[in-house]
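Reader: I am new to this structure. Please pick one part and take me through it closely, with the cut-offs behind each term.

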Amino acid sequence: MASMNRIHQWICSSDRWARGVEQNLLPWALDGVELGAETLEIGPGYGATTRVLARRAPGHLSVLEVDAEYAKKLQDAYAGQVDVVHGDGTSMPFPDGGFDAVVCFTMLHHVPSPERQDRLFAEARRVLRPGGVFAGCDGCAGTAFRLLHLGDTYVPVPPETLPRRLRAAGFGPAEVTLGKGRFRFRAARA
C-alpha cells in the first residue's frame, strides 16, 4: 500500500482538489484521448478522478485500487455504476486485452520503486487491446512536490525517461507533454 501523510490525505479528499481535477487536471490529461467501450483506472484513491471518469467514459468503467479501505469506499459510492476491484497495478487481476483504455492520474509517484512502476507499465500494456491507449498524468519532482510528500511513498517518474520505459514495456511511441509542475503521457499498444 502506498502511504500518504495526513496533509496529503486532506488535500486529496478535499472539495477543492475534486474541483481542480474536474475542471483542469482531467481535461488536460485526457485532451485528445479516446477512452472507448472499456476503460480501466489504476489507483483512484479517494475517487476524485473516478467521479469525473464515471461521467466522461463512453462505456464501462472499472477501477483498480491497492488500498482496501479506499476500494471499499469506492464500492459503496459507485455500486452498480463502476466496477471497483481491490488489487495491485503491478499484478492486475484482469485478463489480457480486456480494455480499450487504461488511465492513471497523480499516482505513479506512489508506486514504491522504478522497477514496480515498470511492472505497472507492463501490466497496463498486457490488459489493453491492440490499439488501446495508456494515458494519464503525474507531478514533476521538485521542492514543493517533495514537501507535500514528506513521510509518503514518493518515487517521482522523470518525464524524460518515460517514453523509453513505456517502449520497454511493449508500447509504441509515447507522447509526454510537460505542464506547470506536472506531465501527461499517452502511448498505444501496438
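Author: Start with strands β6 and β7. They pair in the antiparallel sense, over seven bridges. Two strands count as paired if DSSP finds at least two bridges between them. Strands themselves are DSSP runs (E, at least two residues), helices are runs of H or I with at least four residues, and both are numbered from the N terminus.

A word on the source. This is a predicted model: local features need pLDDT of at least 70, side-chain atom pairs count only at pLDDT 80 or more, and totals for chains, interfaces and linings use all residues. Residues are numbered from 1 along each chain as its sequence is written, and side-chain values use heavy atoms, with hydrogens and water left out.

Now the sheet. The two strands belong to an open sheet of seven strands, in the order β3-β2-β1-β4-β5-β7-β6, with mixed pairing. Its edge strands are β3 and β6, each pairing on one side only. From one strand to the next, the twist averages 15°. Such angles run from 0 to 180 degrees between N-to-C directions, and the axes are lines fitted to C-alpha atoms, for helices over the stretch in contact.

Helix α3 (residues 48-56) touches β1 (38-42), β2 (60-65) and β4 (99-105). Contact means heavy atoms within 4.5 Å. The direction of α3 makes about 165° with that of β2. Helix α4 lies across β2 and β3, running at about 165° to β3.

Which residues form the ring cluster? Ring pairs link Phe121, Phe134, Phe171 and Phe185. The whole structure holds six aromatic pairs. Rings of Phe, Tyr and Trp (its six-membered ring) pair if their centres lie within 6.5 Å; planes under 30 degrees apart are stacked, over 60 edge-to-face, and the rest tilted. Phe121 and Phe134 have ring centres 6.1 Å apart and planes at 55°, so this pair is tilted. The pair links distant parts of the chain. Phe121 sits in helix α5 (residues 114-127), Phe134 in strand β5 (residues 128-139), and 13 residues separate them.

Buried means under 20% relative accessible area, exposed over 50%, and partly exposed in between (1.4 Å probe, protein chains only).

Phe134 has a further partner. Phe134 and Phe185 are edge-to-face, with 5.0 Å between centres and 65° between planes. Here β5 is joined to strand β7 (residues 182-189), where Phe185 lies, 51 residues from Phe134. Phe185 is buried, at 1% relative accessibility.

With 5% relative accessibility, Phe171 counts as buried. Leave aside neighbours within four places in sequence, and its contacts include Phe121 and Leu128, as well as Phe134 and Ala187. Arg126 is 45 residues from Phe171 along the chain, yet their C-alpha atoms are separated by 9.8 Å.

One more ring has a charged neighbour. The charged end of Arg182 sits over the ring of Trp28, 4.6 Å from the ring centre. The test is NZ of Lys or CZ of Arg within 6 Å of the ring centre and within 35 degrees of the ring normal.

Helix α5 also carries charges. Glu123 forms a salt bridge with Arg119, their closest N and O atoms 3.1 Å apart. A salt bridge is a side-chain nitrogen of Lys or Arg within 4 Å of a carboxyl oxygen of Asp or Glu. The two residues are four apart in α5, so about one helical turn separates them. Glu123 is buried, with a relative accessible area of 4%. Arg119 is partly exposed, at 42%. What network do they join? Salt bridges link Asp96, Arg119, Glu123 and Arg126.

Helix α4 repeats the spacing. Lys72 forms a salt bridge with Asp76, with closest N and O atoms 2.7 Å apart. They are four residues apart in α4, and so separated by about one helical turn. Lys72 is partly exposed at 46% relative accessibility, and Asp76 is exposed at 51%. The whole structure has nine salt bridges.
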